[in-house]
Amino acid sequence: MSRRRVETNKKLGLDSEKERLRQQKALEKAEKRRLERKAVQDRIEGSTLYKVLIKGAIVFDVVDAGMGLFEFAGDSLSFLVSLGYVAISATVVKSVRLTMAVLMVSVIDLLIGFIPGIGDVADMIFCSSLINRSLIQGF
């Protein structure tokens, strides 16, 4: 390193023991945050609701698309199942924002299904369970 660079680093305090301690604390803090996030993710993936709705939801996706053909009953059943996603986001993930997003997607799916004629086709395309699952897994 050049002499000018060493002098500048000393003037700015970049070459001091204080700076090295700050960097070490920042690294420890980042590692602590990473471990906390990992613990939350493990708690989420270990919950029974998550295992039932998220891991075993492939069958429900097919059933949900088929139930979209029935006017009121299919949409109501789909909404009731989507309340399970709301329960996961509220009790397991414990995030108000995520809970509101999941609830909004579920209500939009319910309202789309109530549109006569077009709602049946749109309900098969707009699969709220896929969206809710990706929201929860991505959180």
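**Entry 1: overall make-up**

Helices (H or I, at least four residues) and strands (E, at least two) are DSSP runs, numbered from the N terminus. I read the order from the N terminus as α-α-α-α-α-α-α-α. I note that this is a predicted model, in which local features need pLDDT of at least 70 and side-chain atom pairs count only at pLDDT 80 or more, while totals for chains, interfaces and linings use all residues. Residues are numbered from 1 along each chain as its sequence is written, and side-chain values use heavy atoms, with hydrogens and water left out.

I looked up burial next. Of the 139 residues in the protein, 30% are buried. Buried means under 20% relative accessible area, exposed over 50%, and partly exposed in between (1.4 Å probe, protein chains only).

I then checked contacts, meaning heavy atoms within 4.5 Å. Among contacts with a separation of 6 or more, 69% join residues 24 or more positions apart.

**Entry 2: the nonpolar core**

I looked for nonpolar cores, each a set of buried Ala, Val, Leu, Ile, Met, Phe, Trp, Tyr and Cys residues joined through side-chain atoms within 4.5 Å. The largest has twelve residues, including Ile44, Leu53, Val86 and Val92. Helix H3 (48-55), H5 and H6 each supply at least two residues of this core. The largest share, four residues, comes from H5.

I followed one core member, Ile136. Setting aside neighbours within four places in sequence, I found Ile136 in contact with Tyr50, Ile54, Tyr85, Ile88, Val93, Leu98 and Val102.

**Entry 3: helix H8**

Ile136 is also one of the buried residues of helix H8 (residues 128-138), along with Ser128, Ser129, Asn132 and Arg133. The arc is that of the directions from the helix axis to the C-beta atoms.

**Entry 4: helix H7 and its partners**

In helix H7 (residues 118-125), I found Gly119, Asp120 and Asp123 buried. They line one face of the helix, because their arc seen down the axis is within 105 degrees. Ile118, Val121 and Ile125, on the other side of H7, are exposed.

What do the buried residues of H7 pack against? They pack against helix H5 (72-92) and helix H6 (96-113).

I took the H6 pair further. H6 and H7 pack at an angle of about 145 degrees, and their axes are 7 Å apart. Axes are lines fitted to C-alpha atoms, for helices over the stretch in contact, and angles run from 0 to 180 degrees between N-to-C directions. Asp109, Ile112 and Gly113 of H6 meet Gly119, Asp120, Ala122 and Asp123 of H7. By class, this contact has two nonpolar, two polar and three charged residues. Ala, Val, Leu, Ile, Met, Phe, Trp, Tyr, Cys and Pro count as nonpolar, Asp, Glu, Lys and Arg as charged, and the others, Gly among them, as polar.

**Entry 5: salt bridges**

How many salt bridges are there in the whole structure? My search found two, a salt bridge being a side-chain nitrogen of Lys or Arg within 4 Å of a carboxyl oxygen of Asp or Glu.

One joins the side chains of Glu31 and Arg34 (2.6 Å, N to O). These two are three residues apart in helix H2 (residues 17-46), so about one helical turn separates them. Glu31 is partly exposed at 36% relative accessibility, and Arg34 is partly exposed at 41%.

The side chains of Asp42 and Lys38 also meet in a salt bridge (3.2 Å, N to O). Both lie in H2, four residues apart, about one turn of the helix. Asp42 is partly exposed at 39%, and Lys38 is partly exposed at 45%.
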